[in-house]
Amino acid sequence: MIKRIAMLLVVLIPAISHAQKTYFLISPDGRIKTEISAGQTLNYLVTADDVCLLDRTPLSLTLDNGTIIGKDVKVRKVVRGSSDISIEAPFYRSATVKDHHNALTLILKNEWSIEFRAYDDGVAYRYIYNGKAPVNIVTEEAG
């Protein structure tokens, strides 16, 4: 019996470690929803008023050393935040631009993070590198 349980754990633990974890981010007005999945791959989808605007699309960066940020993603921490400020814009048609969004940052187990922002009129993401050594990005995948 113990051998069967041990064998089952040997089979299940790798499957669990590669399972996709899903995170949700909603715009301040609640109309735009973003679903982010991290695990074997990193991908996201966007809906507005329950209509799919962007179907599940993969995200990744390939570095010149062969590392792929966005494959076998291991999330160390999730940070949520929001902003509702006005930014001065002296060269724009308005004197200020409103920055009102909700944010979700996935802090990865390497030196990278990826931040998603949901605005009332769209979604944005950006990669954040927290390492000290320089890196060269060869390609970016964004479907």
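User: Ok, so two strands pair if DSSP finds at least two bridges between them. Which strands does a hairpin join through 2 residues?

Analyst: Strand 8 and strand 9. Strands here are DSSP runs of E, at least two residues long, while helices are H or I runs of at least four, all numbered from the N terminus. Before we go on: this is a predicted model, with local features needing pLDDT of at least 70 and side-chain atom pairs counting only at pLDDT 80 or more, though totals for chains, interfaces and linings use all residues. Residues are numbered from 1 along each chain as its sequence is written, and side-chain values use heavy atoms, leaving out hydrogens and water.

User: Got it. How many bridges join strand 8 to strand 9?

Analyst: 8 of them, with the two strands running antiparallel. Strand 9 covers residues 122-129.

User: Switching to charges. How many salt bridges does the count come to?

Analyst: 7. The rule asks for a side-chain nitrogen of Lys or Arg within 4 Å of a carboxyl oxygen of Asp or Glu. In general, side chains of opposite charge can pair when their charged atoms come close.

User: Which residue does Arg126 meet in a salt bridge?

Analyst: Glu115, at 2.6 Å from N to O. Arg126 is in strand 9 and Glu115 in strand 8, so the pair ties together parts that are 11 residues apart in sequence. Glu115 is buried at 8% relative accessible area, whereas Arg126 is partly exposed at 45%. There's also a network: salt bridges with shared partners join Glu115, Arg117 and Arg126.

User: Where's the partner of Arg56?

Analyst: The partner is Glu35, again with 2.6 Å between N and O. Glu35 sits in strand 2 and Arg56 in strand 4, distant parts of the chain 21 residues apart. Arg56 counts as partly exposed at 37% relative accessibility, and Glu35 is partly exposed too, at 22%.

User: And Asp50, how far apart are the closest N and O atoms in its salt bridge with Lys33?

Analyst: 4.0 Å. That pair also links distant parts of the chain: Lys33 is in strand 2 (residues 32-38), Asp50 is in the loop between strand 3 (42-48) and strand 4, and they're 17 residues apart.

User: Last one. Is Ser60 buried or exposed?

Analyst: Buried, because its relative accessibility is 4%. Ser60 lies in strand 4, which covers residues 51-63. Skipping neighbours within four places in sequence, its contacts (heavy atoms within 4.5 Å) are Ile68, Ile69, Gly70, Tyr127, Thr139, Glu140 and Glu141.

Methods
Buried means under 20% relative accessible area, exposed over 50%, partly exposed in between (1.4 Å probe, protein chains only).
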